[in-house]
Amino acid sequence: MTTEERLVADFESTGLTVGPQLMAYHRAEMNSYGVIPAAELGDLPDGIYTRIAGVVIARQRPGTAAGFIFLSLEDETGVSRAIVNPQVYERNRVAITRGKILWLDGTLQNRDNVVTLRASAVHVLNLSEAETRSHDFH
């Protein structure tokens, strides 16, 4: 099996992969685009403009959040979090609600050991046909 065939088979049968995380196969490409791994975000200063990418593992839109969307993305190093304001959400509704793998640009908020990207741009990455699953709007 190719790497892609194994990933697709793993996700179809178990909902996860027993091998390297999907983003690991694309790290060199992500690095060339300036995508920062989740594990390194805590080392960056508050307010820096940066880029993250990963498999969407959760989407939340609490009724008390005034239309803000909260995303959790997983790469091979961990989980990164992002906040999407209502205006960015409206411009990128389909990508945010249906994209399996996202690339987000925005300003990093790094306060009191809580690191979150305030997304200003959203892009869908078509890196795999694997049917990843996310926990959406619970």
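## Basis of the model

In this predicted model, local features need pLDDT of at least 70 and side-chain atom pairs count only at pLDDT 80 or more, while totals for chains, interfaces and linings use all residues. Residues are numbered from 1 along each chain as its sequence is written, and side-chain values use heavy atoms, with hydrogens and water left out.

Helices (H or I, at least four residues) and strands (E, at least two) are DSSP runs, numbered from the N terminus. Buried stands for under 20% relative accessible area, exposed for over 50%, and partly exposed for values in between (1.4 Å probe, protein chains only).

Helix 1 covers residues 3-14, 12 residues in total, and reaches 16 Å from its first C-alpha to its last. That is close to the expected 16 Å at 1.5 Å a residue; the expected span is 1.5 Å times one less than the number of residues. Leu-7, Val-8, Asp-10 and Phe-11 of helix 1 are buried. They lie on the same side of helix 1, because they cover an arc of only 160° around the axis; the arc is that of the directions from the helix axis to the C-beta atoms. Glu-12 and Ser-13, on the other side of helix 1, are exposed.

Gly-15 follows helix 1 and has a positive phi, near 85°. Pro-20 sits in the loop between helix 1 and helix 2 (27-32). Its relative accessibility is 43%, so Pro-20 counts as partly exposed. Beyond its neighbours within four places in sequence, Pro-20 is in contact (heavy atoms within 4.5 Å) with Arg-6, Leu-7 and Tyr-25.

## Strand pairing

Two strands pair if DSSP finds at least two bridges between them. Strand 1 pairs with strand 4 in the antiparallel sense over 7 bridges; Gly-54 stands opposite Leu-102, and Thr-50 has Gly-106 as its bridge partner. Strand 1 also runs antiparallel to strand 2, with 5 bridges, and here Ala-58 stands opposite Ser-72. With strand 6 (residues 135-136), strand 1 runs parallel and has 2 bridges; Arg-59 stands opposite Asp-136.

Strand 4 and strand 5 are antiparallel, with 10 bridges, and Gly-106 is partnered with Ala-119 in strand 5. These two strands form a hairpin with 2 residues between them, and Asp-112 in the turn has a positive phi of about 50°. Strand 4 is largely enclosed by the rest of the structure, because 8 of its 11 residues are buried.

## Nonpolar cores

A nonpolar core is a set of buried Ala, Val, Leu, Ile, Met, Phe, Trp, Tyr and Cys residues joined through side-chain atoms within 4.5 Å. The largest has 19 residues, and those with the most contacts inside it are Ile-52, Leu-71, Val-84, Ile-96, Leu-102, Leu-104 and Val-122. Among the elements giving two or more residues to this core are strand 1 (49-60), strand 2 (69-75), strand 4 (101-111) and strand 5 (114-124). Strand 5 gives the most, with 4 residues.

Leaving out residues up to four places away in sequence, Leu-102 touches residues including Ile-52, Gly-54, Leu-71, Ala-95 and Val-122. A second, separate core has 14 residues, including Ala-53, Val-55, Leu-127 and Ala-130.

## Ser-72

Ser-72 is located in strand 2. Its relative accessible area is 18%, so Ser-72 is buried. Apart from residues up to four places away in sequence, Ser-72 touches Val-55, Val-56, Ile-57, Ala-58, Val-79, Ser-80 and Arg-81.
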